[in-house]
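Have the structure open as you read, and follow along from topic to topic.

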Amino acid sequence: MEIEQQVVELAYAMDTFYFLVAGALVMWMAAGFTMLEAGMVRTKSVAEIATKNIALYSIASIMYMLIGYNIMYGDGLSSVIPSLGFLITGDNAVGEVLGSGGDIYYSDRADFFFQVVFVATAMSIVSGAVAERMKLWAFLAFAVVLTGFIYPIQGFWSWGEGFLDQIGYLDYAGSGIVHFTGAAAALAGVILLGARKGKYGKDGQINAIPGSNMPLATLGVLILWLGWFGFNGGSELKVSDIESANAVAAVFANTNLAAAGGVVAALITTRLVFGKADLTMALNGAVAGLVSITAEPLMPSPFLAMIIGAIGGVIVVFSIVALDKLKIDDPVGAISAHGTAGIWGVMAVLLSNPDATFFGQIAGLLAIFAFVFTASLIVWAILKAVMGIRLSEEDEDIGADITECGLEAYPEFTGKQ
C-alpha cells in the first residue's frame with residue numbers, strides 16, 4: 001500500500017510539474033506576440049505595443065484569478081449560463097488525491113496557471129489587430145472585460161462542460177476557444193476603430209505600411225512556435241504514463257510539422273501570386289499552421305498534420321488580401337492568422353477524429369463568433385462613447401509612443417534623445 005501511495009504521489013508531482021512547465025512555455029508566448037507586433041508596426045508605435053502586451057498579460061492574470069476561472073470552470077446555472085464566483089480556491093489535499101482513484105492527477109493551482117496563460121493569448125491577438133491607432137487605456141479597459149467575462153463565458157460552454165461540449169464540439173487546445181475568440185473580438189474593434197491614416201486611398205487603392213523591424217518579427221514568431229509546444233502539448237494534461245507520454249510526443253511532432261507546412265505553403269503561394277517570397281506572409285503562415293493544428297494535434301498522422309498546416313498557410317495569404325480589399329486594417333494579420341485559420345482548424349478536426357461531427361464543429365464556431373463578436377462590439381461601442389477608442393489624427397501622426405507613453409522605443413533614430 002505504501003509503494004502504491006508513493007507511485008500516486010510521484011505521478012501527481014510529475015504531472016503537476018509538466019503542467020507548470022507547459023504553462024511557462026505558453027506564458028513565453030507573450031514575448032513572442034510582443035516581438036512580432038513590435039516588428040510589424042512602425043517605429044513610432046513600438047513602445048506602446050510593448051506596454052500593451054505586458055499590461056494585458058498582467059490584467060488577464062488578475063481578472064482570471066478574481067472571477068474568470070470560476071466562471072469558466074464553475075458548476076454553472078445551466079449549460080449556457082455560468083455561475084459567478086470570486087477568487088480561486090485552495091489546492092488539493094493529500095487525502096483527496098489518494099482517494100480519487102487517479103482522477104486527481106495535478107494541482108488545482110497548476111491548472112489555474114495553465115488556463116490563465118491561454119486567456120492572455122486570446123487578448124494578445126486583439127493587440128496586434130488594433131495597433132497604431134487605438135488609445136492605450138481604452139484597450140486596457142477592454143482587456144478587463146474580455147479576460148474576466150467574455151472569454152470565460154464562451155470557454156465554459158466547451159471546456160467547462162457546457163452546451164457546446166454536450167453537443168460534441170471538439171477543440172483540443174483552442175483553435176476556436178482561444179484563437180477564433182481573440183480574432184472575433186479584434187474584428188469587432190477594428191470595424192469600429194477604422195483603418196490607419198493613409199492605409200487606403202481612393203478607388204480601392206491599398207497602401208502598404210511596412211513594419212519597423214522584420215528580424216524582430218521573425219524572432220517573435222519563432223518564440224511563438226516554441227511556446228506552442230506548451231500550448232498544445234500541455235493540453236494533454238498529463239505525462240506520467242506510457243499512453244500520455246506517447247500522446248505528448250505525437251502532439252509535439254504534429255505541432256512542429258503543421259507550422260513548417262504553413263511556412264512553406266505561404267512562401268510558395270506568395271511566390272506564385274505576387275512573384276516574391278514575402279517574409280510577412282511566411283511569418284503569418286507559421287502562425288496559421290500552428291492555429292490550424294491546435295484544435296486536434298493528437299489524432300492526425302505527421303503527414304496529415306503537415307497538410308493541415310499547409311492549408312492554413314495558403315488560407316492566411318488570401319484572407320489577408322481579402323480583408324485589405326474590404327478595408328479592414330489589421331497591421332499584423334492577426335484576424336486572418338488566428339480567425340480564418342482558426343475556422344479551418346476547427347473543421348479540420350473532422351479529418352482525423354472519428355468522434356467529431358460536422359454539426360458539432362459548425363455549431364461551436366457559430367456560437368463562439370455570435371457571442372464574442374456581439375459582446376465585444378457592445379463593449380467597444382460603450383468605450384467609444386464614454387472615453388473614445390481612437391487616437392486623434394494629430395496623435396496618430398506623432399505616434400502612440402509619444403502621445404500614449406511619453407517615450408520612444410528608438411529615440412536615437414529620430415534624434416529625440
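**Cavities, pockets and a helix pair**

Four helices, H1 (2–40), H4 (108–129), H10 (279–294) and H12 (334–348), each supply at least two residues of the lining of the largest cavity. Please keep in mind that this is a predicted model.

**The largest cavity**

- The volume of the largest cavity is about 70 Å³.
- Its lining includes Phe 33, Leu 36 and Glu 37, along with Ser 124, Ile 125 and Gly 128.
- Asn 284 and Val 287 also line the largest cavity, as do Val 332, Ala 334, Ala 337 and His 338.
- Sorted by class, the lining of the largest cavity has 7 nonpolar, 4 polar and 1 charged residues.

**The second largest cavity**

- At about 40 Å³, this is the volume to look for when you turn to the second largest cavity.
- Which helices each supply at least two residues of its lining? They are H1, H2 (46–73) and H4.
- H4 gives the largest share of the lining of the second largest cavity, with 4 residues.
- The lining consists of Val 26, Met 27, Ala 30, Leu 56, Tyr 57, Val 117, Ala 120, Thr 121 and Ser 124.
- Here the classes come to 7 nonpolar, 2 polar and no charged residues.

**How H1 packs against H2**

- The axes of H1 and H2 come within 9 Å and cross at roughly 160°.
- Because angles over 145 degrees count as roughly antiparallel, H1 is roughly antiparallel to H2.
- Is the crossing of H1 and H2 left-handed or right-handed? The crossing is right-handed.
- On the H1 side, the contact is made by Met 27, Ala 30, Phe 33, Thr 34, Glu 37 and Ala 38; on the H2 side, Val 46, Ile 49, Ala 50, Asn 53 and Tyr 57 take part.
- By class, this contact has 8 nonpolar, 2 polar and 1 charged residues.

**The largest pocket**

- The largest pocket contains about 680 Å³ of space.
- Among the 25 residues lining the largest pocket, those closest to its centre are Trp 159, Asp 171, Tyr 172, Ser 235 and Leu 237.
- The largest share of this lining, 4 residues, comes from H4, a helix that also contributes to the linings of the largest cavity and the second largest cavity.
- The lining of the largest pocket has 12 nonpolar, 6 polar and 7 charged residues.

**The second largest pocket**

- The second largest pocket has a volume of about 560 Å³.
- Lys 199, Thr 280, Met 281, Ile 320 and Asp 324 are the closest to its centre, out of 26 lining residues.
- Which elements give two or more residues to the lining of this second largest pocket? They are H10 and H11 (302–325).
- H11 gives the most to this lining, with 4 residues.
- The lining residues of the second largest pocket divide into 14 nonpolar, 6 polar and 6 charged.

Methods:
Residues numbered from 1 in each chain as written. Predicted model: local features only at pLDDT ≥ 70, side-chain atom pairs only at ≥ 80, totals over all residues. Heavy atoms only, no water. 1 Å grid on protein atoms, 1.4 Å probe; cavity = no way out; pocket = protein on both sides within 12 Å on 5 of 7 lines; lining within 4 Å. Points joined across faces, edges and corners; volume = space filled by probe spheres on them. Nonpolar A, V, L, I, M, F, W, Y, C, P; charged D, E, K, R; others polar. Axes fitted to C-alpha atoms, helices over the stretch in contact; angles between N-to-C directions. Parallel < 35°, antiparallel > 145°, perpendicular 65-115°, else oblique. Left-handed = near helix turned anticlockwise from the far one by under 90°. Contact = heavy atoms within 4.5 Å.
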